[in-house]
Amino acid sequence: MAMKKLQAEIDRVLKKVSEGVETFDGIYDKIQSTTNTNLKEKYEQDLKKEIKKLQRLRDQIKSWLASSDIKDKSSLLENRKLIESEMERFKTVEREMKTKAFSREGLLQREKMDPKEKEKADACDWISSTVDELSRQIEMAEAEVETMQGTTKRGKKDHAKAERIAEREHWIERDRWHIGRLELMLRLLENDQIVTEKVMEIQDDVQYYLECNQEPDFEEDEYIYDDLNLEEEEELYNVGIELNTPSTEGI
């Protein structure tokens with residue numbers, strides 16, 4: 001009886017997911033088809049409401065995926081991935097809208113900046129976009145870990161899967177460490193406590209980590225930020241204190 005009730009609740013939630021995705025896709029298509037800026041902004045707000053509804057449904061699905069009472073989790077996994085796909089689409093829309101807003105309102109102002117201020121603004125933009133991308137990598141890695149943990153049968157050890165989970169958790173930790181470094185750099189840069197040139201000197205190394213950390217032969221440079229002496233500012237800004245020492249455990 002309890003399982004029937006649970007299954008009915010699952011069916012109800014999955015139906016809501018289907019309806020929510022259909023609504024989301026309809027609004028997304030409107031955003032893509034209109035050239036009216038005001039309409040685009042309205043549709044973006046509508047899209048945000050829908051993605052929040054889907055995220056709440058995703059949270060419920062994740063709790064069921066973690067439950068040992070449910071044996072067949074294929075439809076739950078499929079719907080969770082579907083929601084996460086829509087989340088990625090929303091992030092793309094949000095990023096595009098912010099970029100266009102910046103282009104409209106900030107381009108003239110930036111053109112009036114002196115070269116040094118423009119370099120600083122560009123560096124701040126680069127740091128922010130890198131943090132966003134690392135955060136996206138963390139979300140994807142966490143979703144992968146949850147999926148693997150949800151499909152592991154109780155009492156049965158899968159060494160390859162356990163190794164993969166440990167590897168993903170290691171890189172989640174490393175991504176968070178880099179985010180801590182970058183956020184501290186951003187604060188220092190905004191407060192003129194670090195020169196733009198110093199920040200841009202490490203851009204290629206950070207970009208290499210960002211783009212290649214999943215490659216089989218990737219070797220991380222743990223000393224990228226050393227020349228910036230960030231440790232001296234950590235306590236003041238309360239950033240990175242817990243993650244100021246790179247960990248190599250699990251690899």
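## Aromatic rings and packed helices

In this predicted model, Trp171, Tyr208, Tyr209 and Phe218 form one aromatic cluster.

Biologist: How many aromatic pairs does a search of the whole structure find?

Modeller: Let's start with the overall count. Rings pair if their centres lie within 6.5 Å. Searching the whole structure on that basis gives a total of 5 aromatic pairs.

Biologist: Are the rings of tryptophan 171 and tyrosine 209 stacked, tilted or edge-to-face?

Modeller: Look at the two ring planes, which stand at 50°, with the ring centres 6.2 Å apart. Stacked needs planes under 30 degrees apart and edge-to-face needs over 60. An angle of 50° therefore makes this pair tilted.

Biologist: How many residues apart in sequence are the parts that tryptophan 171 and tyrosine 209 tie together?

Modeller: Find tryptophan 171 in helix α5 (residues 159–190), then tyrosine 209 in helix α7 (residues 203–212). Both residues are buried, tryptophan 171 with a relative accessible area of 11% and tyrosine 209 with 2%.

Biologist: What kind of aromatic pair do tryptophan 177 and tyrosine 225 form?

Modeller: Tryptophan 177 also deserves a look: its ring and that of tyrosine 225 are 5.6 Å centre to centre, with 70° between the planes. Tryptophan 177 lies in helix α5 and tyrosine 225 in the loop between α7 and α8 (231–237), so this pair ties together parts 48 residues apart in sequence. Both residues are buried. As planes over 60 degrees apart count this way, the pair is edge-to-face.

Biologist: Which residue lies over the face of tyrosine 28?

Modeller: Here the partner is a charged side chain, since Arg counts as charged. At 3.8 Å from the ring centre of tyrosine 28 you will find arginine 89.

Biologist: Are helices α1 and α2 roughly parallel or roughly antiparallel?

Modeller: Follow the axes of α1 (residues 2–33) and α2 (residues 37–65), which come within 9 Å and cross at roughly 160°. Their crossing is left-handed, and the contact residues divide into 17 nonpolar, 3 polar and 7 charged. Since angles over 145 degrees count this way, α1 and α2 are roughly antiparallel.

Biologist: How many charged residues does the contact of α4 with α5 have?

Modeller: The axes of α4 (residues 115–150) and α5 come within 9 Å and cross at roughly 160°. That makes α4 roughly antiparallel to α5, and the crossing is left-handed. By class, their contact has 17 nonpolar residues, 6 polar ones and, to answer you, a charged count of 11.

Definitions and conventions:
Residues numbered from 1 in each chain as written. Predicted model: local features only at pLDDT ≥ 70, side-chain atom pairs only at ≥ 80, totals over all residues. Heavy atoms only, no water. Phe/Tyr/Trp six-rings, centres within 6.5 Å; stacked < 30°, edge-to-face > 60°. Helix = DSSP H or I, 4+ residues; strand = E, 2+ residues; numbered from the N terminus. Buried < 20%, exposed > 50% of the residue type's maximum accessible area, 1.4 Å probe, protein only. Lys NZ or Arg CZ within 6 Å of the ring centre and 35° of its normal. Axes fitted to C-alpha atoms, helices over the stretch in contact; angles between N-to-C directions. Parallel < 35°, antiparallel > 145°, perpendicular 65-115°, else oblique. Left-handed = near helix turned anticlockwise from the far one by under 90°.
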